[in-house]
Amino acid sequence: QWPHYEGIWSYGATLNQTILVVRNPRWAIPSFHNILSEVNYGQDFSEVYPYLNDLFTKRAPIANWIKWRDLKFETEIDLWAWHIDY
């Protein structure tokens with residue numbers, strides 16, 4: 001999904017207007033981590049695919065959240081800001 005940094009714009013000139021609904025990062029970033037946990041922190045589609053049917057079914061363990069948050073929080077906030085600035 002564009003403008004996500006891993007996304008592509010595949011609509012060409014057929015989509016020239018959009019509405020961007022933005023969740024509060026206070027809730028969106030932990031939710032993003034839950035999704036990452038559910039797909040076993042996969043980095044590409046072949047790693048993620050086996051877990052797709054289980055998305056949005058459970059939450060990551062708190063210990064995993066704390067470890068990921070402490071490691072990735074600044075990067076995720078920077079990416080959030082980049083997305084909004086886009």
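Trainee: Why is isoleucine 84 called partly exposed?
Mentor: Its relative accessible area is 43%. Buried means under 20%, exposed means over 50%, and partly exposed is in between, with a 1.4 Å probe and protein chains only. So isoleucine 84 counts as partly exposed.

Trainee: What should I know about the model itself?
Mentor: This is a predicted model, so local features need pLDDT of at least 70 and side-chain atom pairs count only at pLDDT 80 or more, while totals for chains, interfaces and linings use all residues. Residues are numbered from 1 along each chain as its sequence is written, and side-chain values use heavy atoms, with hydrogens and water left out.

Trainee: Which element holds isoleucine 84?
Mentor: Helix H3. Helices are DSSP runs of H or I with at least four residues, strands are runs of E with at least two, and both are numbered from the N terminus. The chain has three helices and zero strands. Its pattern along the sequence is α-α-α.

Trainee: What makes Leu20, Val22 and Ile84 a patch?
Mentor: A patch takes residues with over 30% relative accessible area and no salt bridge; nonpolar side chains (Val, Leu, Ile, Met, Phe, Trp, Tyr) are joined within 5 Å, like charges within 9 Å. Leu20, Val22 and Ile84 form a nonpolar patch on the surface, with about 250 Å² of accessible area together. Areas come from the Shrake-Rupley method with a 1.4 Å probe, and for residues only the protein chains shown count as cover.

Trainee: How do you know that arginine 69 and aspartate 70 form a salt bridge?
Mentor: The rule asks for a side-chain nitrogen of Lys or Arg within 4 Å of a carboxyl oxygen of Asp or Glu. Here the N to O distance is 3.1 Å. The pair therefore qualifies as a salt bridge. By this rule the count comes to one.

Trainee: Are the two partners buried or exposed?
Mentor: Arginine 69 is partly exposed, at 31%. Aspartate 70 is exposed, at 58%.

Trainee: Why is alanine 60 called buried?
Mentor: Its relative accessibility is 10%, so alanine 60 counts as buried. It lies in the loop between helix H2 (45-48) and H3. Alanine 60 and isoleucine 35 are 25 residues apart in sequence, yet 8.3 Å apart in space, C-alpha to C-alpha. Buried residues make up 19% of the 86 in the chain.

Trainee: Why is phenylalanine 56 called exposed?
Mentor: Its relative accessibility is 66%, so phenylalanine 56 counts as exposed. Phenylalanine 56 is also in the loop between H2 and H3. Its phi is positive, about 65°, although it is not a glycine.
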